[in-house]
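Look at the sequence and the model together while reading.

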Amino acid sequence: MPIPNAMDLASIVVAVLALGVLVIIHEGGHYLAAKWGGMSVSKFAVGFGPALVKTERGGTVFLIGAIPFGGYVQIDGMHPEDGTDPDSPASFANRPRHLRAAAILAGPAANYIFAFLMLFAFYVGFATAPQPPFEVLQVQAESPAATAGLEEGDVITGLEGRPFEGYDDLIEAIEASEGKPLLLDVERDGERKEVAVAPQRTSEDSPWRMGIGFRALGSTPMRYGPLEAIGKAGDFVYRETGRIMTGLASLISAPSGAQVSGPVGIVKGLSTYVQRSGVDAFLFVAQLSIMLGFFNLLPIPALDGARLMFLAVGAVRRREVEPRLEAVVHGIGFLMLLGLMVVVSYFDLVG
C-alpha cells in the first residue's frame with residue numbers, strides 16, 4: 001500500500017473529522033431527546049477504546065475515544081446491568097414508552113435534519129448544476145464497462161457522435177438501453193475513440209448499470225430562493241433515501257455482486273472528494289448523514305431500529321420484553337456488526 005503524501009494525509013484528517021461530526025450529530029440527537037425526556041445520561045462518547053480526552057458536565061462524561069469511528073450515548077437504565085439504580089425515575093426503563101421511543105428515534109432523525117439543513121444551505125448559497133462531459137473515476141471489475149475496455153480517466157463526451165447536452169443524458173441513456181450496446185464517444189490521452197458498452201442489471205427489478213463511477217467536468221452556477229431551496233433539499237433527501245433502499249434491495253437479492261464499504265472505505269472515498277472539490281465533499285457528507293440515519297433505522301440488533309422494534313413489541317403485548325433477553329440480542333448483534341466492520345475494513349485497506 002503506497003505511503004500517503006501530505007495532501008492525502010490532510011484530506012484523510014478532514015474526512016475523519018467530518019465523520020466525527022456526523023457521529024456527534026447522531027449521538028447528540030439521542031442525548032438531547034433523552035435529557036428532554038427526563039432521563040439521566042452517564043456517558044457521551046465519540047469513538048471507541050481508551051479515552052484521549054474526557055470531561056464531565058451535568059452528570060455526563062463526554063469523551064473522545066482512541067478509535068475514531070462510531071460512538072455511543074449511555075442512557076442510564078437502557079442496559080439491565082449498567083450499575084444504575086433500577087428504581088430511579090430518571091432510568092430509561094422507568095420512563096414512558098413514547099419518551100423512550102423519542103430518545104431512540106432522535107439519533108437517525110438528527111442525521112436527516114442535519115442533511116436537510118446542509119442541502120438547504122447548498123441550494124441557497126453555492127449550488128451548481130453539473131454538466132457534461134463526464135470523467136470516469138472508477139470501473140468495477142467484471143462489469144460491462146470493464147469488458148468493453150473503459151478505463152479510469154477516460155472522458156465520455158457524447159453518445160453515437162452526438163454530444164451530451166445535460167447531466168442526466170448519460171444516466172437516461174443507460175436506463176433506456178434495456179441492455180442494448182451504447183456507442184460512447186470517449187477521449188483518452190488526447191485521442192478520440194468509440195467504445196460500445198452493453199449495460200446489465202443484477203436482477204429483474206434493479207436498474208441498468210455500466211459499472212462505472214463518474215463525475216461531471218462542467219458546471220453551471222445555480223441559485224434558489226428559500227422556498228425553492230426547501231423543496232430541492234427535501235427532494236434530494238427523498239431521492240437519496242430511495243437510492244439507498246434500492247441498493248439495499250440489490251444487496252439482498254444479489255450479495256455476491258455487491259460492493260460494501262466500511263469506515264475505512266468511506267474515509268478513503270470522502271478524502272478523494274475533499275481533494276477533488278469542496279462542493280462534492282459537502283454533498284457527499286450530506287449523503288453520508290442520510291445513509292447513517294437510514295441504516296440506523298433498520299431492525300438489526302444493536303441498531304436503533306431494533307430497539308424501536310422491541311419497544312413496539314412491548315406496546316403490542318402490553319408487557320415489556322425481558323430486558324436481559326433484549327440485551328443479549330443487542331450484544332450478539334453488536335459483535336456481528338463489529339466483525340463485519342473489521343472484515344470490510346480489511347478489504348478496504350488492501351483493495
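Helices (H or I, at least four residues) and strands (E, at least two) are DSSP runs, numbered from the N terminus. Pro133 is found in one of these runs, strand 3, which covers residues 128–139. The model is a predicted one, in which local features need pLDDT of at least 70 and side-chain atom pairs count only at pLDDT 80 or more, while totals for chains, interfaces and linings use all residues. Residues are numbered from 1 along each chain as its sequence is written, and side-chain values use heavy atoms, with hydrogens and water left out.

The protein has nine helices and eight strands. Its C-alpha atoms fill a box of roughly 75 × 45 × 40 Å, taken along the principal axes. Of the 351 residues, 37% are buried; buried means under 20% relative accessible area, exposed means over 50%, and partly exposed lies in between (1.4 Å probe, protein chains only). A contact means heavy atoms within 4.5 Å. Among contacts with a separation of 6 or more, 65% are between residues 24 or more positions apart.

Now take two helices from this set. Two packed helices are described by the angle between their axes and the distance between the axes. An axis is a line fitted to C-alpha atoms, for helices over the stretch in contact, and angles run from 0 to 180 degrees between N-to-C directions. The axes of helix 2 (residues 97–125) and helix 8 (residues 304–317) come within 9 Å and cross at roughly 160 degrees. Angles under 35 degrees count as roughly parallel, over 145 as roughly antiparallel, 65 to 115 as roughly perpendicular and the rest as oblique. Helix 2 and helix 8 are therefore roughly antiparallel. On the side of helix 2, the contact is made by Arg97, Arg100, Ala101, Ile104, Leu105 and Pro108. Helix 8 contributes Asp304, Arg307, Leu308, Leu311, Gly314 and Ala315.

What should helix 8 span, at 1.5 Å a residue? The expected span of a helix is 1.5 Å times one less than its number of residues. For the 14 residues of helix 8 this gives 20 Å, and the end C-alpha atoms are 20 Å apart, which agrees. The buried residues of helix 8 are Asp304, Gly305, Ala306, Arg307, Phe310, Leu311 and Gly314.

Asp304 deserves a separate look. Asp304 has a relative accessible area of 8%, so this residue is buried. Leaving aside neighbours within four places in sequence, Asp304 is in contact with His26, His30, Ile104, Pro108 and Asn296.

The last topic is the backbone. Most residues other than glycine have a negative phi, and most peptide bonds are trans. Ala302 is not a glycine, yet its phi is positive, about 90 degrees. Ala302 is found in the loop between helix 7 (278–296) and helix 8. With a relative accessible area of 22%, Ala302 is partly exposed. Just after helix 8, Arg318 takes a positive phi of about 60 degrees. Arg318 lies in the loop between helix 8 and helix 9 (323–350), and at 78% relative accessibility Arg318 counts as exposed. Finally, the peptide bond from Pro132 to Pro133 is cis, with omega near 5 degrees.
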